[in-house]
Amino acid sequence: MKTTAKSKGTVQKQVSAKLLLMVLALSSLLAAITVDMVNPVLGLISQSLEASKAQVSWTVSGIALVLAIGVPLYGRMSDFFALRKVFIIAAAVLTLGSLLCALASSLPLLVLGRMVQGAGMSAIPVLSVVAISRVFPEGQRGAALGIVAGCIGIGTAFGPIFGGSVGQIWGWPSLFWITFALSLLILIGSIFALPGISPAMEEGSGRKFDLIGGMMLGLTAGLLLFGVTQGESAGFAAISAWGSLLGSVLALLGFIWRINTADKPFVPPVLFKNKPYVCSVIIAFFSMFAYFAVLVFVPLLVVEVNGLSPGEAGMILLPGGAAVAICSPWVGRFSDRFGSKLVAAGVGIMGISTLFLSTFASGASPVLVSVGALGAGIAFAFINSPINNAAVSALPKDQVGAGMGIFQGTLYLGAGTGAGMIGALLHARREAADPLNPLYSLDAVAYSDAFLAATVAAVIALIAVLAKGTAR
């Protein structure tokens, strides 16, 4: 009888773990799709709501700003509050934001809805990693992270394809009605699937949530991303660009002062003395910098230089998205044993892929461009779940929430700054005749230079991989 009871308990735990993983995977997929799905339909939104392209771009920039601020905040909140409660509230906020967007009759309402969406979805990536780290044992954690990472990669790659095709057929509000329905499903699923995981900082242990430190960190990330975005659109000489970047530096100085003087700082200073963790953060930032350069500028390249339609341009990314979907779960299974080697291989493949795009593919056949994007997708699959696993493994239990909040926020910062800074470089090099890459001989000089800059980011990430190996 005891054996039977134990067997039933084991089966129940397995079923609960599978249900939890299904909810986290669907949540991560939806969050990744929602971020970029409006990019192909910005023109339709502009016409429908009678707004300029610069104004409509806030449907993208606004959500990015909230993500950069919200991810670290949710990560730290998971140390103080029950994870199940925080996740359910975030899912409800995401559902509300999707409904606001679907019903929006003006651009300010749409931007508001998108920012509410961001306030909800910014919880999903970091809380998913925290939940997996606390529910799955170390031998199974990598595989679970691989599934979630695969869903994020699929959503990132297919978001623009989904947005372009569905928005073109049924109109842009249909995108938000679909995300509303899926968000509602996630909300219901999270109520039943998420276990009652106690926070790392138990009540009565002298816990104190450092709201000022959290605000300083949020301002640092938000102003940095806003400054880079403004630099891309208005130029870095514009007051909105350099003023925001200066504000980011001042907020960073305030954050450093705060964590070294507060009794219970938002982020423990010892976190930044953890060399394996810090190296993981650097790898994440520059890997996403390079990967998003491919996701954003490959479609622009084939539309502008090769004359493809937006729909055809999205299909150029399809092999890379498929590679992420296929490789991520497989890589996740081995990340517990071969994490560092997989990350090193992934960063190397990323550098080779971006260098290939810079040297041979820019201005050549779209097939060659798709090969470069495929390499970047494989690289992302090799990097994402192992580096998440490495960051979690490098942290003590009471630092997982804060540490993974910063780590996941760094991913969004890398993506945002990569797209913004390389976009600014592309604009500056529009009329250039001589490429920065001495091996390049075709006519799309600006794009060659852009992908060369992404290669430099991959090289920096590779240096961090080597440093992480020596820090162990």
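1. Axes are lines fitted to C-alpha atoms, for helices over the stretch in contact, and the angle between two of them runs from 0 to 180 degrees between N-to-C directions. The model under discussion is a predicted one. On that basis, helix α15 (residues 366-393) and α16 pack at about 150 degrees, their axes being 10 Å apart. Angles over 145 degrees count as roughly antiparallel, and α15 is therefore roughly antiparallel to α16. The crossing of α15 past α16 is right-handed.

2. Which residues form this contact between α15 and α16? From α15 come I387, N388, A391 and V392, and these meet M404, F407 and Q408 in α16. By class, the contact of α15 with α16 comprises 5 nonpolar and 2 polar residues, with no charged ones.

3. Helix α5 (residues 83-103) packs with α9 (residues 173-193): the axes come within 8 Å and cross at roughly 160 degrees. The angle means that α5 is roughly antiparallel to α9. Here the crossing is left-handed. On the α5 side the contact includes R84, F87, I88 and L103, while P173, F176, W177 and I191 are among the α9 residues. The contact of α5 with α9 divides into 17 nonpolar, 5 polar and 1 charged residues.

4. α5 also packs with helix α6 (residues 107-121), at an angle of about 160 degrees and with the axes 7 Å apart. α5 is therefore roughly antiparallel to α6, and α5 passes α6 in a left-handed crossing. The contact draws on A90, V93, L94, L96, G97, S98, L100 and C101 of α5, together with L110, G113, R114, V116, Q117, A119, G120 and M121 of α6. Its residues comprise 10 nonpolar, 5 polar and 1 charged. L94, S98 and C101 of α5 are among the residues listed both for this contact and for that with α9.

5. Residues up to four places away in sequence aside, G153 touches V324 and F380.

6. S328 belongs to helix α14 (residues 318-361) and, at 1% relative accessibility, counts as buried. Its contacts, not counting residues up to four places away in sequence, are G146, A149, G150, A323, A381 and S385. For S328 and S385, the C-alpha to C-alpha distance is 7.2 Å, with 57 residues of separation in sequence.

7. A further buried position is T220, with a relative accessibility of 12%. T220 is located in helix α10 (residues 211-234). Neighbours within four places in sequence aside, its contacts are S248, A251 and L252.

How values were computed: Residues are numbered from 1 along each chain as its sequence is written. This is a predicted model: local features need pLDDT of at least 70, side-chain atom pairs count only at pLDDT 80 or more; totals for chains, interfaces and linings use all residues. Side-chain values use heavy atoms; hydrogens and water are left out. Helices (H or I, at least four residues) and strands (E, at least two) are DSSP runs, numbered from the N terminus. Angles under 35 degrees count as roughly parallel, over 145 as roughly antiparallel, 65 to 115 as roughly perpendicular and the rest as oblique. A crossing is left-handed if the near helix is turned anticlockwise from the far one by less than a right angle, and right-handed if clockwise. Contact means heavy atoms within 4.5 Å. Ala, Val, Leu, Ile, Met, Phe, Trp, Tyr, Cys and Pro count as nonpolar, Asp, Glu, Lys and Arg as charged, and the others, Gly among them, as polar. Buried means under 20% relative accessible area, exposed over 50%, partly exposed in between (1.4 Å probe, protein chains only).
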